[in-house]
Amino acid sequence: MHRSAPKSDIDESALTVTAPKTAAAGVKAVTVALERAVEEMGVTRTARTLTRVNQRHGFDCPGCAWPEPSGRRRPAEFCENGAKAVAEEATLRTVTPEFFAEHSLADLEGKSGYWLGQQGRLTHPMVLREGDTHYSPIPWDDAYRLIAEQLNGLDSPDEAVFYTSGRTANETAFLYQLLVRSFGTNNLPDCSNMCHESSGTALVSSIGIGKGSVTIDDFSAADVIIVAGQNPGTNHPRMLSALGEAKTHGAKVIAVNPLPETGLIGFKDPQTVKGFTGGITIADDFLQIRLGGDMALFQGLGKLLFEAEDRAPGTVVDRTFVDAHTASFAEYEKQMRAVDLAVVEQATGLSRADLDRTAALLAESKATIICWAMGLTQQVHGVATIEEATNLLLMRGMIGKPGAGVCPVRGHSNVQGDRTMGIWEKMPEAFLSALDHEFGITSPREHGWDTVNAIRAMRDGRGKVFFGMGGNFVSATPDTEVTETALRNCALTVQVSTKLNRSHVVHGRTALILPTLGRTDEDVQNGARQQVSVEDSMSMVHLSTGRLKPVSGELRSEVAIVCELAQQVFGPEHSVPWAELQRDYDRIRDAIANVVPGCTDYNAKVRGRNGFQLPHPPRDAREFRTSTGKANFAVNDLHWLPVPEGRLILQTLRSHDQYNTTIYGLDDRYRGIHNGRRVVLVNPADITEFGLAEDDLVDLVSEWTDGSERRVTGFRVVGYATPRGNAAAYYPETNPLIPLDHVAQRSNTPVSKAVTIRLEPHVHTVADVPTA
């Protein structure tokens, strides 16, 4: 039997700390995955569901965007956290109208995001009208009319904000941006703005396309793989299998991270014999870098590679590639030769021996891949840092050859596909012209608001309607108080969701919750089962087919919600055949083929054995569609993060029982944290220096150059192997520490990996007493 939803909320007094683990996955991961699945779904539903995850005729995991292998797939083509994601979505727990009648808004506002999410799947559309104390049911048609009246009553289409989560499939994303542009705005903020926007900005400038250039098969052909600012063991565990496979072919893996991440120390693949007999070591070298030191590392390595070229001319710099395919190499070389390695050591916390060892591996490598994630992108100088990493590959000719290239590892299962389908506030003219030609509309050309600018607009009264297609906007964004105020300023907030979350209790004057199907659910339109498609981190597009009976007959697919709403907004005479598109998703894919570059013959190609790979000019032909027609070496001044006296630099991160803002449970077992989340990981020497002790309760106070401060309270101090002067804590609990204007240069990505804080002893108040 599946368990009922928990009645009590998080009790931080139950928190315990043990030694961190030295290996990820293994039998324990299998046990946890099955226990969670059975608790949520029951035995039969678990068996029917997990056997279809990431299989060719199954459904795409709603978790991370790591690609499936191109050859044979294993029976269990999922990880522990993928199983948790599936269980969360396919749960038999339900949130019904009776639940909302029992729980007032004031009651729900006092619950944690964990408790809200654990209640189960939403079953009916619900409305909260101005002055109401409870959400109440609303018929779908009435909900659509309410939204249409609000949208059509705006003074300008640009007063509406249309947010998108990465969970949205290609077909929905394409129709959603079509609705938004038909309405007359480009206000399409999405979760990419908060994660890999820095990657896209850097890569477009450097190589002409904002996507990674490697395939899953390249890992087996690589000599050296750098994994920087990334925790595969928790955030995309199936990557460990690819790294393990690479090591069997002789690859060296270098981990670059402020924290020792368990998955990169050891990996016990539960589907191999070795996974039961001891596992393998993934990282051949661990560079424990200080927060904000990555740009210095890449520049220091650049200098050392030039010095290696001097010692053995013609063996390190790929002059043939550089001369034929790149621009600004001379300027880059001049900048790198002037780098002071003493400053690099100070900025990174690494020794000269660390730098020399890594440079020697890069100089000898015939095929190098550099992977990264939020540890690089969510820095003030994240764009420049990624450009410097790309520079290292360009000087060695490591783009457009087997086993080599750039690999930004996307976090959400279709976040890259959403951007391909047009979810961007700055889509290029060629896309907009093709869209207009296909549907007879006139898309606006003025750029819209990204996530940060959308919050500013709603805060200032310029954004009046917020429509969220999936996700948990309140918990995903920085500056929680400002974000919540911004949403409360809206006349209407709409959340298309599968489960209850914090964004449902932080609302506009009127609020709607529209329950939708998930990836696991069967989607039937016009009597026929429909399929959707997604794009993974490596530009592979494939189908996903849900087969579970939905928990409620009131659930509607995201495609249906978009199409039915559009008909209400635009009326029956609109040039877009919304009803036809809803009835048959092949018709949507035909339109995608006519509009989206690289998607010709979409319906046929996506039904191939592995789907199809979107074109990538640098990878496919060493063609660089930049302003110079070549790959551009970037020239950046060196920036890093000195630690002020008596302060720490904080990074926010996920626990192992968490995916983005969804909290599955209260354990971060790889780091030794159990039954709680309000912890701050600090180097033991710093704890002593600050006059604190492990297990002390402290407040985290962030400090900013304008003199302002922000505070979160009641965090337990945990001694951990962080670099001196660095600390780590979980989000969304620490989101209030990050001002809305603390963003990455050029990408406007919120900076969550560079927060200056001080620790103050926590003073107990009545508010600290648990209420649940």
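Colleague: What makes up the secondary structure of the protein chain?
Modeller: The chain has 32 helices and 32 strands. Both are DSSP runs, helices being H or I with at least four residues and strands E with at least two, numbered from the N terminus. This is a predicted model, where local features need pLDDT of at least 70, side-chain atom pairs count only at pLDDT 80 or more, and totals for chains, interfaces and linings use all residues. Residues are numbered from 1 along each chain as its sequence is written, and side-chain values use heavy atoms, without hydrogens and water.

Colleague: What makes a set of residues a nonpolar core?
Modeller: Its members are buried Ala, Val, Leu, Ile, Met, Phe, Trp, Tyr and Cys residues, joined through side-chain atoms within 4.5 Å. Buried means under 20% relative accessible area (1.4 Å probe, protein chains only). The largest core here has 63 residues; Phe162, Phe174, Leu175 and Leu512 touch the most other members. Helix H8 (residues 170-183) gives the most, 8 residues.

Colleague: How do you know that strands S24 and S32 pair?
Modeller: Pairing takes at least two DSSP bridges between two strands. S24 (residues 648-653) and S32 (residues 755-761) have 3, and run antiparallel. Leucine 648 has isoleucine 757 in S32 as its bridge partner.

Note on methods:
Buried < 20%, exposed > 50% of the residue type's maximum accessible area, 1.4 Å probe, protein only.
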